Amino acid sequence: MWTIVWLVTALAGLTSAHLAAWHPSMYCLNGTTPGQVNYNTEDAVLPLWMLSKSDYWFHHSNGCDQFPPAEGDVLELPAGGSFTIEIADNRGVTSLSYDGTHATEWPDGQNHTGSTDVLLDATISDGCITSPNIHTQNETMAAGTAFAIAYKSELSEVTLEDLVVFTVRYNTPWKRLTTYDVPAAMPACPSGGCTCAWVWIPNGCGEPNIYMEGFKCMVTNATSTTPLGTPSAPVWCEDDQSKCVQGAKQIMIWNQLEDNNIEVSGFDLSGMAKSPAYNAKCGFKDGKQPFPPLIKAELM
C-alpha cells in the first residue's frame, strides 16, 4: 500500500534550486522513499558534479534509477513527429501533482513576464536568473537540452556507447512545457521498450555540473529498420564546424571523477568560459538529429 505525502508547505516551499524533465515514464517520479508517493519530490532535479560513474550514471547518486515508472507508463516517441514533457524544479509545480493547480507557464510555479532577453518578476544574481534557477542570463543564452535513446529495455544494461542523442531543443530550459522532434528514421524498440535519458549541461551561471535522468520510452509509427549506429563522443567545434562529429553522438559526460568524454578549456567566441552544450558549439543541430546514411527528408 502506497502512502501519499500531502502538500504541507506554501507554494514557495515547493521549489528547489535545479531542474528536471517530468513525465509519468520517468524514473523516481514518486521520489526515492520506498512505499511513498511524494507529490512534492525534487529527487530527480539534483545536479551531478564530480561523482564516480556508478553514482552519476542515470542519477544513481540518490537511488533515482532504482525506482522505475509504473507498468505501462512509457514516453511515446512518434517517428517523424514530436513529444512534449515538462521541465520544472519540483513535481509539485507540474501537472503531475495536485491536479496541476500549482503549475504555471514557468518551471518554478510562479508567474513571470518579459521578453526572451529580460525575465521580469525573477531573481537575478550576477546577471544570471536564479529564480527560476534556469542557469542562464536569458532565453537566447540557455544552453539547450536533449534526449538520447538506447535500444535496451533494462536501464541497468545501458552503457555510454548505447545512448544516441536523437533530439535537441536549443534555448532550453526556459518554460515548463518543452517539445522535442523525433527523427523519422528511428527504428522500433524491442518488445520490452527502450531506455531514454534527458540530459542538460548549463552554460555557466552556477556550478559546472551535468544533469541526467532516465525514462522508459517506446518509438511508435516506426518504418525504418536501420539501426542508429554506434555514437561517437562529441567535440568542441564552435570555432570550426568542420571539426564537429558527424552522425550519431553520445551524451556528454563532463566534470565527473571518471569516464568524462569531453574536455574543454579557455573561452568561447563570446568571451565566456567554455562549457559543453547541446547546441552548435558541440555539433548538435536544433531539433531532430541526422543519422547516417543521411536521408534527405531528415535534414529538412
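**Notebook: surface patch and aromatic rings**

I began at the surface, where Trp49, Met50 and Leu257 form a nonpolar patch with about 300 Å² of accessible area together. I note that the model I am reading is a predicted one. I looked up Trp49 and found this residue in the loop between strand 3 (36-38) and helix 1 (53-56).

Next I went through the chain as a whole, which has one helix and 13 strands, in the order β-β-β-α-β-β-β-β-β-β-β-β-β-β along the sequence. Of its 300 residues, 52% count as buried, and the chain exposes about 12,700 Å², of which carbon and sulfur atoms supply 53%. Among contacts with a separation of 6 or more, I noted that 70% join residues 24 or more positions apart.

I then turned to the rings and counted eleven aromatic pairs. One of them is Trp57 with Phe58, an edge-to-face pair at 5.3 Å centre to centre, with 80° between the planes; both Trp57 and Phe58 are buried. Another pair, Trp198 with Trp200, is tilted, at 6.2 Å centre to centre and 50° between the planes. Trp198 has a relative accessible area of 1% and is therefore buried, and Trp200 is likewise buried, with a value of 1%. I also recorded one aromatic cluster formed by Phe83, Phe147, Phe166, Tyr180 and Phe215.

Last, I looked for charges over rings: the charged end of Lys53 sits over the ring of Trp57, 5.2 Å from its centre, and that of Lys249 sits over the ring of Phe284, 5.5 Å from its centre.

Conventions: Residues are numbered from 1 along each chain as its sequence is written. This is a predicted model: local features need pLDDT of at least 70, side-chain atom pairs count only at pLDDT 80 or more; totals for chains, interfaces and linings use all residues. Side-chain values use heavy atoms; hydrogens and water are left out. Patches are made of residues with over 30% relative accessible area and no salt bridge: like charges are joined within 9 Å, nonpolar side chains (Val, Leu, Ile, Met, Phe, Trp, Tyr) within 5 Å. Accessible areas come from the Shrake-Rupley method with a 1.4 Å probe; for residues, only the protein chains shown count as cover. A salt bridge is a side-chain nitrogen of Lys or Arg within 4 Å of a carboxyl oxygen of Asp or Glu. Helices (H or I, at least four residues) and strands (E, at least two) are DSSP runs, numbered from the N terminus. Buried means under 20% relative accessible area, exposed over 50%, partly exposed in between (1.4 Å probe, protein chains only). Contact means heavy atoms within 4.5 Å. Rings of Phe, Tyr and Trp (its six-membered ring) pair if their centres lie within 6.5 Å; planes under 30 degrees apart count as stacked, over 60 as edge-to-face and the rest as tilted. A charge sits over a ring if NZ of Lys or CZ of Arg is within 6 Å of the ring centre and within 35 degrees of the ring normal.
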